[in-house]
Amino acid sequence: MGEPHGVGVVGLGVISRAYLDTLVGHPELRVVAVADLDADRSTAAAATLADAAALSVADLCDHPDVQTVLNLTIPAAHVEVSLAAIKAGKHVYVEKPLAVSLPDGRAVIERATSAGVRVGCAPDTVLGTGTQTARAAIDGGLIGRPLTASAVMVTPGHERWHPHPDFYYAPGGGPLLDMGPYYLSALIHLLGPVRAVTGTASRLRPERVIGTGPRLGQRIPVQVDTHVTGVLEHTSGVLSTITTSFDGVTTTAAPIEVHGETGTLAVPDPNYFDGEVRLCPLGGDGWRVLAPTAGYRDGSRGLGLIDAVRAGPGRPPRAGGDLALHVLDTMTSLLRSAAEGRRIALTTTVQRPGPVPLTPAGDWRGR
């Protein structure tokens with residue numbers, strides 16, 4: 001094993017702790033530097049990490065030992081930070097979504113390609129045993145030819161638990177851009193790319209009330225649609241429906257279901273790495289749980305970055321930029337379809353990422 005791959009972390013908000021828990025101590029990685037708009041926050045984070053420096057974003061991107069910039073900023077800052085890293089010759093792994101507009105997402109991928117660096121993007125949850133076991137079941141013919149699918153995400157809104165939920169209701173937020181990447185990435189892993197979409201959306205409450213933290217009771221404006229539903233036409237001919245909502249208390253719908261000629265598959269929540277995959281065959285005796293047959297066991301945030309580092313130049317990252325761009329195209333096209341009242345043909349496509357063989361946690365953690 002050579003020298004550890006140097007990582008610089010930009011953005012030290014709530015999600016950063018989950019990433020650092022995965023990456024710190026991994027024998028193939030070293031967190032070299034951290035940066036945040038709040039200098040005190042970056043100084044405090046660096047103090048908990050061996051040999052990590054607290055730097056400005058510019059200095060972190062220019063640091064000679066940083067090979068990949070892990071971009072955990074808010075969605076509105078994703079492109080600025082990613083482009084700065086690419087300009088400095090660094091690989092990028094960015095939290096979802098890749099960008100908040102398709103032209104900005106294209107710019108990230110095109111500049112990375114020109115610079116000869118790689119782009120990875122969350123979610124990496126779809127590399128876990130939940131989605132990957134479901135994919136293996138479909139590819140193995142357990143439901144016959146897939147015909148239709150559905151994906152459902154319903155919550156009352158993140159203001160109930162997040163102390164600073166403003167960006168969820170600002171441009172670049174909303175249930176589709178926030179949670180859609182999980183469900184759409186899973187659908188593309190399972191069923192392949194999307195060629196066209198038709199969407200509808202609503203925004204029936206002009207403000208939300210923060211339910212926790214130092215701003216408890218404060219009202220924030222809603223600037224985006226909070227309930228989005230649509231139909232996806234996959235290039236294979238499969239039709240998927242998707243609903244993402246911040247306007248419901250809960251739902252009894254399965255997170256994802258795939259219906260085939262000879263069976264139905266219930267796929268666990270793609271916001272998590274694992275979960276039960278259930279099969280109901282045509283003419284059978286009801287549902288049965290499938291044992292995990294594919295995917296990284298016991299996954300955690302940052303797994304996609306590890307997968308990308310191990311891939312090197314010879315294999316595209318499974319949680320890669322091309323997939324993230326196609327997901328972004330799907331989401332922004334759904335929102336445009338809702339606004340314009342018409343079917344929208346996508347302008348991107350992607351190859352299904354390579355499947356993940358069943359991999360023990362110790363193998364991918366390198367321990």
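**A strand residue and its setting**

Analyst: H5 counts as buried, since its relative accessibility is 10%; buried means under 20% relative accessible area, exposed over 50%, and partly exposed in between, with a 1.4 Å probe and protein chains only. The model is predicted, so local features need pLDDT of at least 70 and side-chain atom pairs count only at pLDDT 80 or more, while totals for chains, interfaces and linings use all residues. Residues are numbered from 1 along each chain as its sequence is written, and side-chain values use heavy atoms, with hydrogens and water left out.

H5 lies in strand β1, residues 5–10. Strands (E, at least two residues) and helices (H or I, at least four) are DSSP runs numbered from the N terminus. The side chain of H5 makes a polar contact with that of T68 at 2.7 Å; such a contact is a pair of N or O atoms within 3.5 Å, where within protein one must be able to donate a hydrogen and the other to accept it, and residues adjacent in sequence count only if both atoms are side-chain atoms. Beyond its neighbours within four places in sequence, H5 is in contact (heavy atoms within 4.5 Å) with residues including E28, R30, H91 and V309.

Strand β1 belongs to an open sheet of 6 strands with parallel pairing, in the order β3-β2-β1-β4-β5-β6. Its edge strands, β3 (53–54) and β6 (119–121), each pair on one side only. Two strands pair if DSSP finds at least two bridges between them; β4 (residues 68–71) and β5 (residues 91–94) have 4 bridges in the parallel sense, and V69 has V92 in β5 as its bridge partner.

K96 forms a salt bridge with D178, the closest N and O atoms being 2.8 Å apart. This pair links distant parts of the chain, with K96 in the loop between β5 and α5 (102–115) and D178 in helix α7 (residues 174–191), 82 residues apart. A salt bridge is a side-chain nitrogen of Lys or Arg within 4 Å of a carboxyl oxygen of Asp or Glu. K96 counts as buried at 11% relative accessibility, and D178 is buried at 10%.

The salt bridge between E340 and R342 also spans 2.8 Å, N to O, but E340 is partly exposed at 42% and R342 is partly exposed at 40%.
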